[in-house]
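Q: Hi! Could you walk me through this one? I'd like to start with its surface.

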Amino acid sequence: TSLSPSQFLRRQQRLQLYRKILRAIREVPGEADRHYLKDWAREEFKRNKDATEEDAIRMMITQGNMQLQELQRTLKLAKS
């Protein structure tokens with residue numbers, strides 16, 4: 001199946017977000033916490049992988065970015 005330009009863009013955004021989240025999770029100090037967060041991220045993306053509605057996908061990407069920023073802020077605070 002061929003993707004439209006906007007579908008391709010959304011797919012790229014999802015992949016980029018997933019990679020950023022996994023990179024941030026690597027910084028989490030506890031192994032159990034890292035494992036939990038990695039499983040959580042994987043399940044969230046897997047659960048929503050078949051979404052097709054543009055607005056819903058855009059909203060999920062926005063929420064994911066907000067959660068990523070929150071994780072990064074928490075990690076930064078933990079280090080200081």
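A: Happy to! The accessible surface of the protein chain comes to about 6,400 Å², and 53% of that belongs to carbon and sulfur atoms. Such areas come from the Shrake-Rupley method with a 1.4 Å probe, and for residues only the protein chains shown count as cover.

Q: Where does the model come from, and how are residues numbered?
A: The model is predicted: local features need pLDDT of at least 70, side-chain atom pairs count only at pLDDT 80 or more, and totals for chains, interfaces and linings use all residues. Residues are numbered from 1 along each chain as its sequence is written, and side-chain values use heavy atoms, with hydrogens and water left out.

Q: What's the average pLDDT of the chain?
A: The protein chain averages 94, and 99% of the residues score at least 70. pLDDT is the predictor's confidence in each residue, from 0 to 100. Confidence is highest in helix H2 (residues 31–47), at a mean of 96, and lowest in helix H3 (residues 54–79), at 94.

Q: OK, how many helices and strands are there?
A: The protein chain has three helices and zero strands. Helices (H or I, at least four residues) and strands (E, at least two) are DSSP runs, numbered from the N terminus.

Q: What percentage of the residues is buried?
A: Buried residues make up 16% of the 80 residues in the protein chain. Buried means under 20% relative accessible area, exposed means over 50%, and partly exposed is in between (1.4 Å probe, protein chains only).

Q: Let's switch to Tyr 18. Where is Tyr 18 found?
A: Tyr 18 is found in helix H1 (residues 5–25). With a relative accessible area of 22%, Tyr 18 is partly exposed. Not counting residues up to four places away in sequence, Tyr 18 touches Ala 41, Arg 42 and Phe 45.

Q: How far apart are the C-alpha atoms of Tyr 18 and Arg 42?
A: They are separated by 8.4 Å, although the two residues are 24 apart along the chain.

Q: Last one: what does UniProt say about residues 13–70?
A: An unreviewed UniProt entry annotates them as "domain: Complex 1 LYR protein". That span is 81% helix and 0% strand, and its end C-alpha atoms lie 18 Å apart.

Key: UniProt positions are given in the numbering used here, feature names are shortened, and annotations may be inferred rather than shown by experiment. Contact means heavy atoms within 4.5 Å.
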